[in-house]
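Visitor: I am new to this structure. Please show it to me, and then I will ask about it.

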Protein chains: 4
Amino acid sequence: MHSVPPAEGRSSFIEQARQAQIIRATIDVVAEQGYGAASFARIARRASISPALINYHFRTKDSLMRGVLATIEQRLDAAMAGTEDDEPETYPDALEGMLRRFAEHCWTHGEEITAMTEIRREMRSEILREAVAQSHERGMAELVAFIREGQSYGQFRDVDPALFASVLMSAMGEFPRLPGNSAEERRRVAADWVSLFVNAISVTAGPGEDADHDPAGPTRSGSGA
Amino acid sequence: MHSVPPAEGRSSFIEQARQAQIIRATIDVVAEQGYGAASFARIARRASISPALINYHFRTKDSLMRGVLATIEQRLDAAMAGTEDDEPETYPDALEGMLRRFAEHCWTHGEEITAMTEIRREMRSEILREAVAQSHERGMAELVAFIREGQSYGQFRDVDPALFASVLMSAMGEFPRLPGNSAEERRRVAADWVSLFVNAISVTAGPGEDADHDPAGPTRSGSGA
Amino acid sequence: MHSVPPAEGRSSFIEQARQAQIIRATIDVVAEQGYGAASFARIARRASISPALINYHFRTKDSLMRGVLATIEQRLDAAMAGTEDDEPETYPDALEGMLRRFAEHCWTHGEEITAMTEIRREMRSEILREAVAQSHERGMAELVAFIREGQSYGQFRDVDPALFASVLMSAMGEFPRLPGNSAEERRRVAADWVSLFVNAISVTAGPGEDADHDPAGPTRSGSGA
Amino acid sequence: MHSVPPAEGRSSFIEQARQAQIIRATIDVVAEQGYGAASFARIARRASISPALINYHFRTKDSLMRGVLATIEQRLDAAMAGTEDDEPETYPDALEGMLRRFAEHCWTHGEEITAMTEIRREMRSEILREAVAQSHERGMAELVAFIREGQSYGQFRDVDPALFASVLMSAMGEFPRLPGNSAEERRRVAADWVSLFVNAISVTAGPGEDADHDPAGPTRSGSGA
DNA sequence: GATGAATGAGAATTCATTCAT
DNA sequence: CATGAATGAATTCTCATTCAT
């Protein structure tokens, strides 16, 4: 006699509000106390609701975590998209812009990145639950494609793109934990951090100059990160 | 004259063997299924012993994990120490050697690094249990000192050392997960990976040459991280 | 607007019923099999519920026991209060009334007294958990005050009040174990038992008459223990 | 191939020493931390031996506790026997002497009485384990006989002997917990305590004088407590 | 929609006890 | 004699989940 179990996709108005509230509480708890401490009881207390309500809106803990990840990633994607008018001229510039936007996103949404990292790590252990793994793979794939493209124009050094992407991803997961008390310090750290990766993959104009690429290269056009 | 469960310092022969066996099982479970799955029951099943035996050799789960970390770190330290005769001439060379040795250690003991990373992450959330946190801090401190030293000789680019160390540490934690099926592929990945960080912190010999450092610099002497 | 396991103060209707049921089961088990046997498993079996339900209504075993004690003591206090119209004239009469009411309470609630004694004894060994210890101390203090008052009017013999109180308390703890199969026997035993203590502290009218007190003394007025 | 399991009665020299040592440790632990805390592990630690050794000398925990009780009771009996030349003239005097000797025994062996009380209480719950129950019953029986005798000579008031014995026993169990820091205070408390019971059962020379007994009575002869 | 009540599974840990050495 | 090693049973407690209301 109780209402139809919510299908977790489309939903009434209040339904969406509740889901958002629960997801927010989950992010906070995970970021502050770690995945291991993120029980329904603690999340519910944080959100000032009853634990059973979580099960009502997300059938299982798994699906809650999938919801959390989706939310975080979508917000992250939006933040990293950049506006149309600051379309960069070169690949290094594009990378730099991307990383800078990521850093800025972390200033305001650091807990989300922390939570995302924590959840992904936990999920990874359970034989890579599909949905979750895919989101991560997709992110990686985009990065790899972007790097490969830059390399084809000779604007990125010749490193295994998957490897660079992996290093970058793990560094991004750790970024919110970097010190940064004042706005000023945060800005300095971010700048340094960005330069580190841009430098790591930039073509060195050193002695052994790689002459078979056109370092100045054509302007970046497509992209997709 | 007596004994009662071992105080975990001195230990009989068989005692040490069991402890080692339990630690091994723990590493495997943590690396394969994540910290969250590392219950005494699972660890014991893995080691083909009864769960209570773990409590017999390690009074609490905490102390088991401390034992695991200690073992892993000690083995890692040994592996990264390097032999006396390949004392490197420059700081970049030293860094390269260090990372190369780390990568090699990972080929044979990847699960240990994975487990270490996992455990440390868990600990972090639990208000940083002292002993454990310290080991991590010490590692960081050594790295930072090493980098700062290289910078003082103008052999490392001028990046926030703590930041570089942080990025490096997180990348190291992720290293064992990088693909590497054949011996050959592993070697190639490792080389690329090492070059990435050496490059990231190396002084750019690009057009805008930083002339105020002595790039040739004095030969590295002391140090030891 | 929410709830999460009840904070043990306010409570819904069914909540109170369950708590009462659990407390009852605990009293029975403790009285019949001793504190040592009072595990959640046994209590739950007695109450025909699952052990976890006890944890739902009383977060910890400690709080369960505190609840049990509170219930027993409150019931005991009520039973010993006496009605307004039988206000006794002298201290010995007051003592006698008090003890008689206690004995009567034991006829119908003997297991409660037995359980209370058992639990208090257990608590004593655990470094006297405050709340619990206090209740006992308070009971003792009231008794002591009452005795001292009676002594000041020369209606009680000159014995160390704390000592008398201690002996009386331990005897009260043992009372429910006295034989008493028939109603008649119980009445006789109770009468004897009461007289024992009244006698023990009554002023002896023997040959060596203590003349410095006024044995007839003023009528008892205030007090209330 | 290991030596014959010790029959726990007669025994080699060293065997007896060990048993005594274990019993001592058990008494201490029980008296200080309560029966509930008296695990083999704790007892063994206290005695600086291995837990397994307790099982070697006392097949089971039950038999250990029986041994402890036997030891304590035997020592108590000896202490309460009194010397031949201070044979008392009257029953009240005999009672007084008995209680006084008990109190004195408690000054030096209080933990034993405390432990005995604690153990008996625990045992009682387990459907009165025979051996143990018997020892208690025997003690009670002796007391009852003594009181009845005194009553038959009109030297004790006419109270249910079993009841008086019960009250006395519970008070004795509590005696070691009475305050008594200085030797002087202990003496005073003991004197008061003794007088309490002597008074409680003494024939009152009050108005309603019981004339059918010979209050001066014949001198006490047999006795048996 | 939301909650309280209830539960079974599983967590770490302690315990008395056995047995080979 | 004595011990260390080992274990199964039992302990309190937490968790995700279900269901009637």
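Guide: The contact draws 36 residues from chain B and 34 residues from chain A, contact meaning heavy atoms within 4.5 Å. This is a predicted model, in which local features need pLDDT of at least 70, side-chain atom pairs count only at pLDDT 80 or more, and totals for chains, interfaces and linings use all residues. Residues are numbered from 1 along each chain as its sequence is written, chains are lettered from A and ligands numbered from 1 in the order in which they are written, and side-chain values use heavy atoms, with hydrogens and water left out.

Visitor: How much area do chain B and chain A bury between them?

Guide: Buried area is the accessible area (1.4 Å probe) that two parts lose on being put together, summed over both. Of the area here, 55% is on carbon and sulfur atoms, and the total for chain B and chain A is about 3,000 Å².

Visitor: Which residues in chain B lose the most area to chain A?

Guide: Three residues together account for 21% of what the chain B side buries. They are R121(B), L163(B) and L196(B).

Visitor: How many salt bridges does the rule find across the interface of chain B and chain A?

Guide: A salt bridge is a side-chain nitrogen of Lys or Arg within 4 Å of a carboxyl oxygen of Asp or Glu. R188(A) and D160(B) form one, with their closest N and O atoms 3.6 Å apart. Across the interface of chain B and chain A, the count is four.

Visitor: Which helix gives the largest share of the side of chain B that touches chain A?

Guide: Helices are DSSP runs (H or I, at least four residues), numbered from the N terminus. Helix 1 (13-33), helix 5 (91-125), helix 7 (161-174) and helix 8 (183-201) of chain B each supply at least two residues of that side. The largest share is nine residues, and it comes from helix 8 of chain B.

Visitor: Is Q155(C) buried or exposed?

Guide: Q155(C) lies in the loop between helix 6 (130-152) and helix 7 (161-174) of chain C. Buried means under 20% relative accessible area, exposed over 50%, and partly exposed in between (1.4 Å probe, protein chains only). Because its relative accessibility is 7%, Q155(C) counts as buried.
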